Amino acid sequence: MRKLAAGNWKMNGLSAQLAEVAALIAAHPQPRSEVLLCPPATLLAPMAQAAAGRIALGGQDCHPNSSGAHTGDISAAMLADAGAAFVILGHSERRADHGETDALVRAKAGAAAKAGLVAIICVGETEAQRDAGETLAVIAGQLAGSVPDAASPQTTVIAYEPVWAIGTGRTPTLPEIAEVHADIRARLTARFGAAASGFRLLYGGSVKPSNAAAIFALPDVDGALVGGASLKAADFGAIIAALDAA
């Protein structure tokens with residue numbers, strides 16, 4: 001399995017920020033890891049031109065339908081047409097801000113696979129759920145509800161992002177990250193058998209150059225889903241270098 005460094009730009013980035021893509025490619029022309037950027041939809045097509053196939057691109061969400069009367073939405077096929085190979089689904093900000101359910105995320109993942117996109121399905125607990133000792137149960141429910149039965153390592157990546165660590169500068173301890181990733185792998189194995197070893201499991205939540213190497217040294221951590229640090233070529237490049245060295 002090739003490790004994956006995925007950058008989620010969220011609702012950030014104008015045309016001027018495309019210079020960061022050029023700088024990233026120049027600094028890391030042949031990374032060992034797969035490198036992915038998921039910009040806002042407005043930048044996807046121009047970023048595809050700037051990337052020129054050197055890094056993978058993805059969307060940040062898609063609609064479960066392939067087309068129709070859904071003003072303001074974007075389909076998986078549209079993302080693919082604009083140059084995307086991946087799409088982030090079920091991010092905690094989508095679940096919280098837009099009320100997305102596990103069933104909706106599963107439907108979107110099916111649409112992504114139909115369009116030829118790899119779905120990065122996000123799972124993670126809130127601070128209250130962790131304090132209550134519910135972390136593994138919450139994630140088990142999200143995996144069961146959000147991941148389609150037809151999922152495979154070729155169509156699906158799982159990203160563990162504790163909600164309370166996203167953008168806060170806080171991260172779980174290394175043993176806490178390892179516990180969750182091991183549990184995710186075990187649950188995938190129970191459901192998908194031997195194929196589960198091929199699913200890439202990403203950690204996300206305040207990943208930065210200073211903590212990346214320690215996180216990537218953990219078992220069952222196959223890369224990262226990076227937020228703010230992916231906006232700057234220097235910061236994201238340092239994370240890529242740490243993953244390459246892991």
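This is a predicted model: local features need pLDDT of at least 70, side-chain atom pairs count only at pLDDT 80 or more; totals for chains, interfaces and linings use all residues.
Me: Start with the strands. How do strands of a sheet pair, in general?

Reply: Through backbone hydrogen bonds. The pairing is either parallel or antiparallel.

Me: In which order do the eight strands close into a barrel here?

Reply: The order is 1-2-3-4-5-6-7-8. The pairing is parallel. On average, neighbouring strands of this sheet are turned by 25° against each other, direction ignored.

Me: Zoom in on one pair. How many bridges join strand 1 to strand 2?

Reply: Five. Strand 1 covers residues 4–8, and the two strands run parallel. Take L4 as an example: its bridge partner in strand 2 is E34.

Me: Now a single residue. Where is L36 placed?

Reply: L36 sits in strand 2, residues 34–38.

Me: Is L36 buried or exposed?

Reply: Read the relative accessible area; under 20% counts as buried. L36 has 0%, so L36 is buried.

Me: Which residues does L36 touch, leaving out those up to four places away in sequence?

Reply: Among them are L4, A5, A6 and G7. The list also includes A56, L57, G58, F86, I120 and F236. For a distance check, take Q60: L36 and Q60 are 24 residues apart in sequence and 12 Å apart in space, C-alpha to C-alpha.

Me: On to helices. At what angle do helix 1 and helix 2 pack?

Reply: About 30°, with axes 10 Å apart. Angles under 35 degrees count as roughly parallel, so helix 1 (residues 18–27) and helix 2 (residues 41–51) are roughly parallel to each other. Their crossing is right-handed. Helix 1 contributes L18, V21 and I25 to the contact; helix 2 contributes P46, M47, A50 and A51. The contact residues divide into seven nonpolar, no polar and no charged.

Me: How do helix 9 and helix 10 pack?

Reply: At about 20°, with axes 9 Å apart. Helix 9 spans residues 209–216 and helix 10 spans residues 233–245. These two helices are therefore roughly parallel as well. Helix 9 passes helix 10 in a right-handed crossing. P209, A212, A213 and F216 of helix 9 meet D235, A238, I239, A242 and L243 of helix 10. This contact has eight nonpolar residues, no polar and one charged.

Me: Last, helices against strands. Which strands does helix 5 lie across?

Reply: Strand 4 (86–89) and strand 5 (118–123). Helix 5, residues 102–114, runs at about 175° to strand 4.

Me: And which strands does helix 7 lie across?

Reply: Strand 5 and strand 6 (156–160). Helix 7, residues 135–146, runs at about 150° to strand 5.

Notes:
Residues are numbered from 1 along each chain as its sequence is written. Side-chain values use heavy atoms; hydrogens and water are left out. Axes are lines fitted to C-alpha atoms, for helices over the stretch in contact, and angles run from 0 to 180 degrees between N-to-C directions. Helices (H or I, at least four residues) and strands (E, at least two) are DSSP runs, numbered from the N terminus. Angles under 35 degrees count as roughly parallel, over 145 as roughly antiparallel, 65 to 115 as roughly perpendicular and the rest as oblique. A crossing is left-handed if the near helix is turned anticlockwise from the far one by less than a right angle, and right-handed if clockwise. Contact means heavy atoms within 4.5 Å. Ala, Val, Leu, Ile, Met, Phe, Trp, Tyr, Cys and Pro count as nonpolar, Asp, Glu, Lys and Arg as charged, and the others, Gly among them, as polar. Buried means under 20% relative accessible area, exposed over 50%, partly exposed in between (1.4 Å probe, protein chains only). Two strands pair if DSSP finds at least two bridges between them.
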